[in-house]
Amino acid sequence: MSAEAEEVAHDTVEAAVRAQLAKAFGGVRGIIEAAIPTIAFTLCWVLTEDLKTSLIVSVSLSVVLLLVRIVQRSTPQFVINSLIGIAIGAFFASRTGDAKDYFLPGILWNAGYMVAMLLSIVARWPVVGFLIGSVTGDPTAWHKDPGIVRLCTKLTWMLMLPCAVRVAVQAPVYLFGGGDQAVAALGFAKIVMGWPLQVAALAAMLWVLGRGRTPIKPVAPA
């Protein structure tokens, strides 16, 4: 869909952001596909305490999910994203021999996202604003409207919160935990604080978006 067509379809900032968020999260199926490999790795490790077996099961399930997407000719983006994350975690864990390192890339990824979003807020260029720019066809025009900047700042805080919670909970377990308990705790935390926490944040964002009707102003011709 072209930028002009999307602008016609979404006549308010709130509608545009809701639509873009729905695309970004991949729906219920994307949520399930992201969780399955982590659940498999954690359960396999708890039952066998065999790192190699746990990694093989986790990566294999990710590949199966990807093949199913390809056969069905549906968008494989979310499975590919998950597979990349699983592969990086498997690489870390296999190199060190410590099952905890399977979860390290996810912790670092969330920390990076958190810092990037916080910097965008401090700079008054909140990242959610660029979702609006992707609809209007001008990536920066939204920044001229103080009301939209305030709305996007609030939404960026809400989008950042799950990342901050994950780092605050998982980093101490990774740094100071030991043995099977730490691996099980990290697996449980990643599952519980993964998509469920993200969906909660999304629901809160949609609630905020549902209360406002800020018109999208067409980009003036040059």
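**Figure 1. The run of elements in the predicted model.** Starting at the N terminus, the order of elements reads α-α-α-α-α-α-α-α-α-α. That gives 10 helices and 0 strands. Keep in mind that this is a predicted model. The protein has 222 residues, and buried ones account for 40% of them. If you take the contacts between residues at least 6 apart in sequence, 73% of those contacts link residues at least 24 apart.

**Figure 2. Confidence along the chain.** Mean pLDDT for the protein is 79, and 80% of the residues get to 70 or more. Of the elements, helix α6 (residues 104-122) comes out with the highest mean pLDDT, at 94, while helix α1 (residues 3-9) has the lowest, at 43. Over residues 1-9, pLDDT stays under 50, and the model shows 12 contacts beyond four places in sequence for them. Over residues 218-222, pLDDT also stays under 50, with 3 contacts beyond four places in sequence.

**Figure 3. Helix α6 against helix α8.** Here α6 packs with helix α8 (residues 146-176) at an angle of about 145°, and the two axes are 8 Å apart. The handedness of this crossing is left-handed. On the α6 side, the residues taking part include Leu104, Ile107, Asn110, Tyr113, Met114 and Met117. On the α8 side, look for Thr153, Trp157, Met160, Cys163, Arg166 and Gln170, among others. By type, the residues of this contact split into 16 nonpolar, 5 polar and 1 charged.

**Figure 4. Gln170, a close-up within α8.** Gln170 sits in helix α8 and is one of the α8 residues that meet α6. Is Gln170 buried or exposed? Gln170 counts as buried because its relative accessibility is 5%, below the 20% cut-off. Setting aside residues up to four places away in sequence, Gln170 touches Ile107, Leu186, Ala189, Lys190 and Met193. Ile107 in that group belongs to the α6 side of the α6 and α8 contact.

**Figure 5. Ser54 in helix α4.** Ser54 is part of helix α4, which covers residues 51-72. With a relative accessible area of 0%, Ser54 is buried. So which residues does Ser54 contact, leaving aside its neighbours within four places in sequence? They are Phe41, Cys44, Trp45 and Thr48.

**Figure 6. Val57, also in helix α4.** Helix α4 holds Val57 too. Val57 counts as partly exposed, at 30% relative accessibility. Apart from its neighbours within four places in sequence, Val57 is in contact with Ala40 and Cys44. Cys44 turns up again here, as a contact of Ser54 as well as of Val57. Compare the position of Thr38: Val57 and Thr38 are 19 residues apart in sequence, with 9.9 Å between them in space, C-alpha to C-alpha.

Figure 7. Ser62 is another α4 residue. Ser62 has a relative accessible area of 2%, so it is buried. Once neighbours within four places in sequence are left out, the contacts of Ser62 are Pro37, Val79, Leu83 and Ile86. Ala34 makes a handy reference point: Ser62 and Ala34 are 28 residues apart in sequence, and C-alpha to C-alpha they are 8.6 Å apart in space.

**Figure 8. Two arginines with positive phi.** Arg73 is in the loop that connects α4 with α5 (77-96). Its phi is near 55°, a positive value in a residue that is not glycine. Arg73 is exposed, since its relative accessible area is 80%. The other view is of Arg124, in the loop between α6 and α7 (129-136). Arg124 is not a glycine either, although its phi is positive, at about 65°. How does the relative accessible area classify Arg124? At 48%, Arg124 is partly exposed; the exposed class takes values over 50%.

Definitions and conventions
Residues numbered from 1 in each chain as written. Predicted model: local features only at pLDDT ≥ 70, side-chain atom pairs only at ≥ 80, totals over all residues. Heavy atoms only, no water. Helix = DSSP H or I, 4+ residues; strand = E, 2+ residues; numbered from the N terminus. Buried < 20%, exposed > 50% of the residue type's maximum accessible area, 1.4 Å probe, protein only. Contact = heavy atoms within 4.5 Å. pLDDT = per-residue confidence, 0-100. Axes fitted to C-alpha atoms, helices over the stretch in contact; angles between N-to-C directions. Left-handed = near helix turned anticlockwise from the far one by under 90°. Nonpolar A, V, L, I, M, F, W, Y, C, P; charged D, E, K, R; others polar.
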